[in-house]
Amino acid sequence: MARVTVEDCIDKVENRFELVLLASHRARMIASGSSILVSRDNDKNPVVALREIADEKLTPEDLKEDLIHSLQKHVEVDEPESDPVPLLTSQSHVATPDSEVQFDRMSEDDLLRGLDGLVPPTESADDED
């Protein structure tokens with residue numbers, strides 16, 4: 001009976017490898033408790049999955065999307081970018097409420113003054129080898 005079902009599915013899913021992937025995914029879904037869309041007729045889950053595909057109870061595109069979603073470990077969510085943060089300036093350049101805050105601008109003198117306050121890293125035993 002499964003052979004006839006595979007032949008019935010070829011016109012729905014042309015690639016046999018893809019058919020096996022989709023049917024096995026659907027069989028796993030059935031095994032984990034998903035409702036069956038055709039009568040079982042004492043068939044095992046892979047045959048029921050093939051019969052569902054052959055009877056067009058499920059579209060191959062939906063099964064493909066569900067398979068891809070089940071294999072994803074990390075789903076990236078697009079989040080809006082945070083507002084740009086103004087650069088810190090020295091006390092002599094503090095912005096007043098009426099002055100315009102400048103983003104992405106720093107003079108060379110401000111940069112050098114900021115670097116003067118930095119302390120070089122200490123040498124560790126690993127650096128001497």
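Which element of the protein has the lowest mean pLDDT, and which the highest? In this predicted model, local features need pLDDT of at least 70, side-chain atom pairs count only at pLDDT 80 or more, and totals for chains, interfaces and linings use all residues. Residues are numbered from 1 along each chain as its sequence is written, and side-chain values use heavy atoms, with hydrogens and water left out. The lowest value, 60, belongs to helix H6 (residues 125-128), and the highest, 92, to H2. Here pLDDT is the predictor's confidence in each residue, from 0 to 100, and helices are DSSP runs (H or I, at least four residues) numbered from the N terminus. Over the protein, the mean is 79, with 72% of residues at 70 or more.

Now for how H2 packs with H3. Two packed helices are described by the angle between their axes and the distance between the axes. The axes of H2 (residues 16-31) and H3 (residues 45-54) come within 8 Å and cross at roughly 115°; axes are lines fitted to C-alpha atoms over the stretch in contact, with angles from 0 to 180 degrees between N-to-C directions. On the H2 side, the residues in contact (heavy atoms within 4.5 Å) include Leu19, Leu22 and Arg26, while those of H3 include Val48, Leu50 and Glu52.

Glu52, in helix H3, counts as buried because its relative accessibility is 0%, and buried means under 20% relative accessible area with a 1.4 Å probe, protein chains only. Leaving aside neighbours within four places in sequence, Glu52 touches residues including Arg26, Ile30, Ser35 and Lys57.

Note on methods: Helix = DSSP H or I, 4+ residues; strand = E, 2+ residues; numbered from the N terminus. Buried < 20%, exposed > 50% of the residue type's maximum accessible area, 1.4 Å probe, protein only.
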